[in-house]
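Please open the structure in your viewer and keep the selection panel at hand. The tour below tells you what to select at each stop and what is there.

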Amino acid sequence: MTALAGTAASVRRRAGGLTRGWLVGGVVAVWVLLWIPLRGRDTLALSTSELSPLHERLNDLRDAINNTRGSSPVFSAFFDVIRESVDALTVFLQSLISQPAYGRPVPLIGWLGVVAVATFGAYAVGNLRVAALTAAGFTSFGLLGFWQQSMDTLALTLAAVLICLAIGIPLGIWAGLSDRLNRVLTPVLDFMQTMPTFVYLAPLTLFFLIGPASGVIATLIYAMPPVIRITAHGIRSVAPSSVEAGTSLGATRWQLLRSVRVPLAKRTIVLGINQTVMCALSMVTIAALIDAPGLGQVVLRALQTLDVGTAFSAGLAIVIMAIVLDRVTTAARDRVETQYRMGPRARGRRRVVLAGLGVLTAVALYLSYTYVWAAFFPGPERGGAVGGEVADGVTRASDWVQLNLGAVTDAVRNAISYGLLNPLQSLIADSPWYLVSAVVLAIAWIVAGPRIVPTAAVCLGLLVGSGLWQEAMVTLAATLVATVIVMALGVVVGVWMGRSDRADGLIRPTLDAAQVMPAFVYLVPFLGLFGASRFTAIVAAVVFAAPVAIKLVADGIRGVPATVVEAAVSSGSSAWQVITKVQLPLARQSVTLAANQGLIYVLSMVVVGGLVGAGALGYLVVAGFSQSDLYGKGLAAGLAVVLLGVLLDRTTQAAARRLDAGAAHRGLRKGKDS
Amino acid sequence: MSNVVIGRFVAVLTVGALALTACGSKIEDTPSGTTSRAACGTVNIAVNPWVGYQADAAVIAYLATNELGCTVNKKNLTEEVSWQGFGTGAVDVVLENWGHDDLKKTYIEQQGVAVEYGSTGNKGIIGWYVPPWLAQEYPDITDWNNLNKYADKFKTSESGGKGQLLLGDPSFVTNDEALVKNLKLDFKVVYAGSETALIQAFRTAEQQKQWMIGYFYEPQWFLNEVKLVHVNLPPYTAGCDADPAKVACDYAPYDLDKIVSKKFADSGSPAAALVKNFQWTNDHQNSVALDIAVNKLSDDDAAKKWVDANRDVWQAWLKN
Amino acid sequence: MPEPLISAERVPAGVGEPALAVTDLWKVFGPRADRVVGTPLADLSRADLMAQTGCVAAVRDISFTVAPTEVFVVMGLSGSGKSTLVRCLTRLVEPTSGTVLVEGEDLRGADAKRLRDLRRHRFAMVFQHFGLLPHRRVLDNIAYGLEIRGVSRTERYRRAGEVLDLVGLTGHADHFPDQLSGGMQQRVGLGRALAVDPRILFFDEPFSALDPLIRRDMQNEVLRLHHEVGKTMIFITHDLHEALRLGDRILIMRDGAAVQIGRPDEVVGAPADDYVRDFVADVPKSHVLTIRWVMRPVRDDDPLDGPELGADVVVRDAVRAVLSSSAPVKVVHDGELVGMVDDEAILRVIVAEEQ
């Protein structure tokens, strides 16, 4: 009986899904029909050098702040205090490992000491494997010829991460306990993460001056949200039965927190730390634009001279640092599980190894403090032992590719640009704004339900108000095309990885590297291949966003219960049928999440796209960072990116929830009892 | 591994490490400040993100450090942020300023935190350029009157059916959208978004004989690699660019100048005199820039090379 | 002098006072839940109330008392409100209205500090999903309640060690919860509750996640502990057999309200309504009913030379005596003859079970 009812409901729902598809198609058809006569009207175009009153007001605001800087007590009492404390921490860390200090020509701890301390630390929080990885990774910084820059990057990252954790973990715990705080915090965190960095780099120097503090604070803004969010999530998902047991025994709130909630959420919190470290590292590179020292400077400078090789080897150092930090924090997370169940013998042995390593570390510290050979990384000053060769090899390879693949890449660019991007952009950006708004609202309603409409309407209204409607629409078109490509890659590669362990083992490290390699590194070869064009920006965005989508899809496919796949295979399904009828539908949640994340990641590359010919919002953000007159316009463009992000994120999330609810109804979701 | 073995292993390593200390030189503390260092003090030089500027900064920093004993801090900043630094004390010197009348108004006239410090001797030329192969095969292309004739050839996927005029660095205030309109050119302005993108585009265009026209400027190290050819727009006359919307003439030549903070100018530091006297030619700058950009010398090495070869030029800068 | 581990005092302070007295207890979930009780809304059925106000009455007007050392079972199907009820009794869920007296003290009037105090010393709870702390050893889990109370480390380990033996976990002190089977884990939960030496123990469906065989073991364990330490126990279950097995008295709940309160034989022998009757239909009556329920009044012509049995003897235990005797068996209560049981009455019960 219930089964029958379920089937009936599923038929209805499927029909609903079909109707929804038809409805969207209908809306688009009407749009195209209206677009033909209305094309080019009311597109709210504004030429690059023109300013709207809003942009001028933002300029004035900037000037006003700038003028009061010296006299306002807000600065001396608030911003200066923050700046000085952050500066003090950063300079201290730098003088430990990267910059000459205390009257010495070298930092307090030379390379040998740093390698030893890092290795010791990796073993202490992790295991022997990551300790070995750490030793190798840190040594490679010197071999690549970027010892000091790497240490600067590390010092800044550490400073930012320490502050992130000091603020983020308590805040996250609080947000985990208080629904109200969580509600207030969520949009703020969204904003912090989607606001393009370029937008706040220049104002930051206004408030916190030029120097390490601004770099660290820029990094903080970007890197703090993950640890807050994930900590809150961890606290929230502590099993209620454990909390209730504590309460029933008369535990106070504090006792519950200390003995139940935090220990049980610890693993998740360490995951948050891991994410924050990764974000901080990627941001420290960009902070080079406001003179944050380190590897980012090398990359940026290489970019000015189109020196692909040097940019790459510096990028490689960043990737290595990211991998080391990621693996160490991941090992620390696993350690949370294993450490308390180690037998007394294992614990004793570990203690001895720790003590041994500790002694070695102390010796290394002493040596690197005292002797030149242990302080300066040996090898040629420029390029290090292998850095020069790496750089030359990459430059040669990049030149060869550009020279020989130019025709092919041009063809690809033209096919996608003329076949997909131009028509789509023409439809979106050349339609009157009210037509696009109506279409967006209608589609949002159809795919995500009526509750999304007010949010979408507010976003659209603010976009109109930003004075950058047409630019936003051009950016939207490119974003959609990039997301389509990301999802195509995500599904194809993700399914492959999800089904084959070997493919997974092969591809995953590449994906990890693509995600942490600073975009600046691959811009030059891409420019050589595709020219300054929106397509280059799309490719850059795909490189950055596809790994996330691919991994999510792969994990989803992997998460499909083996028994279901077995059942499908045993009833004679072909591989194709298993994929399309079992694995993908069951991994639906992961696929929709991948689409959502893909979109957000693509959007976060809008500004980088502006650097390579995407124009529109990305270019304006960059220009606003560089040109005094366009400051306000750039700020508005940054806000417009955030608005697009909110619009797309909320709509896709709501649509996913809706799909999901339908799927749960059909019993597709696992782990739900009927 | 038993504890004993581990312990012995550690002991051996420790002894070995201590043995190493016998060889190797110790780190000496740096002497804290010579007399000349005290007299000069610290100079904060903003380094804007192009190689020509980097060349200026390399040479000034080299001389200030080695001849005057100053402590030089180079800060890699964009122009806008550099000027902010005058007010906050983070920046003392901007070595190559391209116009920026708006910033001058804010920081020199209104806030009074900066002062103009004379020309660098470099002439900044901004305009439209084509790759050399194009100028060779179609010599008439360097006259703007003929541009429409070739507009079709300049079409790309980005230019919406018109010819593409590629703009570069977002730092520059450009008149190109107005120029295209006012000269009735069948072109569309496309923003490459960065100097890097622009240079790469010209490089590819020359290598693969592609049609390309874009915004460029000298002095620029890339011109030593690929000698781009300037396209002549209606010549600049004083005031022809007064109304940005009605511009129909070429860009004004820039006299690149130096800006320093008021505080630095009043400090009486010998470095201030050095900056004030600093003047050289486009060729000088290009040779240093080329060493940095193409020959991959470090800033200091490139500066040293030039300083060693041009003693007579910089000797004059050191006089008070 | 350390206080004894498990105080065996059977009668708490205030002799004759019930361990727990519950009067007119309500718990309504939903928007403005307090407007329901005491108004005509309170008389609506659950579904109607939900439709009209969006509120759910999880516990409706429940009253009962529990005597010291009694095992009081609350039984109902899922959704009947029994788990909410037990949480109201310790204020893990705040009641909407009604009174709860714990040994004469008004629980609802207790402030946060006093409530914490009561939880630390007076009662303890065993949970369906154990609620153990996976990062702590068994010993630390058992000692958790003492730790919260601020007992010194050596003292709490000493006590926890004793409890460990009491609940049959000797030798498992250093294990972690996930290294134990479900039954063993619940022993840890039980130990944790016992370690604080509470006067009242609450069990919230403690064995429903366990295998039937283990469940039986654990029930025996509870009976044994009750015998040894004599705590007052409030036991929640959805398993009638468990209820009949453990309970001195049983409260049957349906849709938040009490349907019947009585001894096991009362529930089986005299179901309050069809709902309860349905429920107990499958129960082997001979195991539960006492011969009081099958006896007939004494007739004048009854031969009085047959054997005697107490009125509280369970039918199953009386079978042999009754069937082997040629005369009807005399049922005696407090030395007085209260009725007669003959073969036919016994067989009726047995045969009814066979069908």
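This is a predicted model: local features need pLDDT of at least 70, side-chain atom pairs count only at pLDDT 80 or more; totals for chains, interfaces and linings use all residues.

Residues are numbered from 1 along each chain as its sequence is written, and chains are lettered from A and ligands numbered from 1 in the order in which they are written.

**Two helices in chain A**

Select residues 253–286 of chain A, which are helix 11, and then residues 308–338 of chain A, which are helix 13; helices (H or I, at least four residues) and strands (E, at least two) are DSSP runs, numbered from the N terminus. Their axes lie 9 Å apart and the packing angle is about 170°, where axes are lines fitted to C-alpha atoms, for helices over the stretch in contact, and angles run from 0 to 180 degrees between N-to-C directions. Helix 11 and helix 13 of chain A are therefore roughly antiparallel, since angles over 145 degrees count as such, under 35 as roughly parallel, 65 to 115 as roughly perpendicular and the rest as oblique. Among the residues that meet here are Leu271(A) and Val277(A) from helix 11, and Leu325(A) and Arg333(A) from helix 13; residues are in contact if their C-beta atoms, placed from the backbone, lie within 7 Å.

**Chain A against chain B**

Now show chains A and B together, where the contact takes 67 residues from chain A and 59 residues from chain B. On the chain A side, helix 14 (residues 344–370) gives the most, with nine residues.

**A sheet in chain C**

Move to chain C, where four strands form an open antiparallel sheet in the order 2-1-4-5; strands pair if DSSP finds at least two bridges between them. Strand 2 (56–66) and strand 5 (105–106) of chain C are the edge strands, each pairing on one side only. Strand 1 (residues 20–29) of chain C is joined to strand 2 of chain C by seven bridges, and Ala21(C) stands opposite Thr65(C).

**Two domains in chain C**

Finally, colour residues 65–280 of chain C as domain 1 and residues 285–354 as domain 2, with bounds that come from an automatic or database domain assignment. The centres of these domains of chain C, taken over C-alpha atoms, are 36 Å apart, and five residues of domain 1 are in contact with five residues of domain 2.

Methods. Two residues are in contact if their C-beta atoms, placed from the backbone, lie within 7 Å.
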